[in-house]
Amino acid sequence: MNKTLTMLSALGVGCLLAAPLALASTPEEDQALWQTYFEKRFPQVPKQDFANGVYAIDPVGRENWEAIEEFPPYETAISNGEEMWNTPFANGKGYSDCFPDGPAIAGKYPYWDKDKGMVMTLPLAINECRTANGEKPLKYKKGPIADLLSYIAFESRGQVINVEIPKDDPRALEAYEKGKHFYFARRGQLNFSCASCHAGNSGTTLRTEILSPAFGHTTHFPVYRSKWGEMGTLHRRFSGCNEQVRAKAFEAQGEEYRDLEYFMTYMNNGLELNGPGARK
Amino acid sequence: MLPNSRTLLGTTAALTLVLAGTAALAAMPEMQLNGDAEAGKEVAMDRSRGNCIACHLIPGGDSPGAIGPALVAIQTRYPSKEDLAKQIWDPTVKNPEAVMPPFGKYGILSDKEFVDVVEFIWAQ
């Protein structure tokens, strides 16, 4: 029995050491713990700089990135998106009829839609606008939607993330919890969770690649990724991560990724939006 | 004291059962650990197979990652080749939070690749 007890204690200590982010609390507590964890892990990084992903902690990578940002690879996407925004649908109406506040609206998403009982994202709202006006919905990972999102993101730069989990609808908390569970659940043949790389091992190296901290991950989408050679959406990136750990990707804009976006963006409350971005 | 001890006994018994159950599921099958270290080196360095180098420093390997411990002085760290093999088969048995993939349990490596890589790492 003593042996078993010793073994149990050893396991317990192992868990504590390996899982510095044991989140079991209210969203407010999670968020404070999350942000403090990364600020302590990377004390040299000013808070807003977490929005720059790995370049906040990789000085060499940052130099290259700043050089790339002088002639941003996402510029064409922004101008294509602006044209889309200003081109009327076949029925004569346009995006500004659906979004009367103009294109600077990225900071409003994602949000909990009480009537629909689901997390509402900007790409969903765009397609809702299109189908309501007799247009075909856009595909969610790349192409025209990434262009339109680039324009909206550019116009929304500087908006401060302020995702709310409304207390008057328990389903909102449930969606948040599902997103949180997704983030920490191990999956795929390689058995990694998102947190395996981007929480407890952020800042270490996978071969020569520095693993970026999770805090700040949603701020800069859509993104021009050199690996893709084109623009892609946040959910395209989620799919890529899942496939990289040899798991089957979920559907872009399906419930799993929307809840994940809800959790991740809520964790980033207080950071400024800085999309569209450029990454390796 | 007595009621407490009894509770403790009960809890421990239950937990032991759970642990024993988990161990049985994750157990490495009997296999001859007589692989080919040279072939194992290729597996350890290959991105799509072992890719040990992605996370571990290995003497003679270029641009190692730094997530896991350096693979040096292995025979001072594992009492036997079988013990090392079990760790590579499924590192979550010893530490459920271990990030390292369960290379044997999840079939990431074939049995041949597995014994080869064990042989290679054992020689480090």
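What percentage of the 124 residues in chain B is made up of buried residues? Buried residues account for 31% of chain B, where a residue is buried if 20 or more other C-beta atoms lie within 10 Å of its own, exposed if 12 or fewer, and partly exposed in between, with C-beta atoms placed from the backbone. The views below come from a predicted model, in which local features need pLDDT of at least 70, side-chain atom pairs count only at pLDDT 80 or more, and totals for chains, interfaces and linings use all residues. Residues are numbered from 1 along each chain as its sequence is written, while chains are lettered from A and ligands numbered from 1 in the order in which they are written.

Figure 1. The secondary structure of chain A comprises 11 helices and 7 strands; helices (H or I, at least four residues) and strands (E, at least two) are DSSP runs, numbered from the N terminus. The radius of gyration of chain A is 20 Å, close to the 19 Å given by the globule rule for 280 residues, so chain A is as compact as a globular protein of that length. This radius is taken over C-alpha atoms, and the rule is 2.2 Å times the number of residues to the power 0.38. The C-alpha trace of chain A spans about 80 × 45 × 35 Å along its principal axes, and 38% of its 280 residues count as buried. Chain B has 5 helices and 0 strands, in the order α-α-α-α-α from the N terminus. Two residues are in contact if their C-beta atoms, placed from the backbone, lie within 7 Å. Of the contacts in chain A between residues at least 6 apart in sequence, 72% join residues at least 24 apart; in chain B, residues 24 or more positions apart account for 55% of the contacts with a separation of 6 or more.

**Figure 2. Close-up of helix 2 of chain A.** Helix 2 (residues 27–41) has 15 residues and reaches 21 Å from its first C-alpha to its last, close to the 21 Å expected at 1.5 Å a residue; the expected span is 1.5 Å times one less than the number of residues. Its buried residues are A:P27, A:Q31, A:W34 and A:F38. They cover an arc of only 65 degrees around the axis, which puts them on the same side of helix 2 of chain A; the arc is that of the directions from the helix axis to the C-beta atoms. An α-helix has 3.6 residues a turn, so residues three or four places apart point the same way. The buried residues of helix 2 pack against helix 8 (170–184) and helix 11 (255–267) of chain A. The face turned away from this buried side carries the exposed residues A:E28, A:E29, A:A32, A:T36 and A:K40. A:Y37 also belongs to helix 2 of chain A and counts as partly exposed, with 19 C-beta neighbours inside 10 Å.

Figure 3. Chain A is divided into domain 1 (23–72 + 164–279) and domain 2 (75–155), with bounds from an automatic or database domain assignment. Their centres, taken over C-alpha atoms, are separated by 22 Å. The contact takes 26 residues from domain 1 and 25 residues from domain 2. On the side of domain 1 that touches domain 2, the elements giving two or more residues are helix 8, strand 6 (230–232), helix 10 (234–244) and helix 11 of chain A. Helix 11 of chain A provides the largest share of that side, 5 residues. The residues of this side of domain 1 divide into 11 nonpolar, 7 polar and 8 charged; Ala, Val, Leu, Ile, Met, Phe, Trp, Tyr, Cys and Pro count as nonpolar, Asp, Glu, Lys and Arg as charged, and the others, Gly among them, as polar.

**Figure 4. Close-up of B:F114.** B:F114 lies in helix 5 (residues 111–122) of chain B and is buried, with 24 other C-beta atoms within 10 Å. Not counting residues up to four places away in sequence, B:F114 touches B:F103, B:G104 and B:L109.

**Figure 5. Close-ups of backbone geometry in loops.** Most residues other than glycine have a negative phi, and most peptide bonds are trans. A cis peptide bond joins A:F221 and A:P222, with omega about 0 degrees; A:P222 lies in the loop between strand 4 (209–210) and strand 5 (223–225) of chain A. B:S63 has a positive phi, near 45 degrees, and is exposed, with 11 other C-beta atoms within 10 Å.
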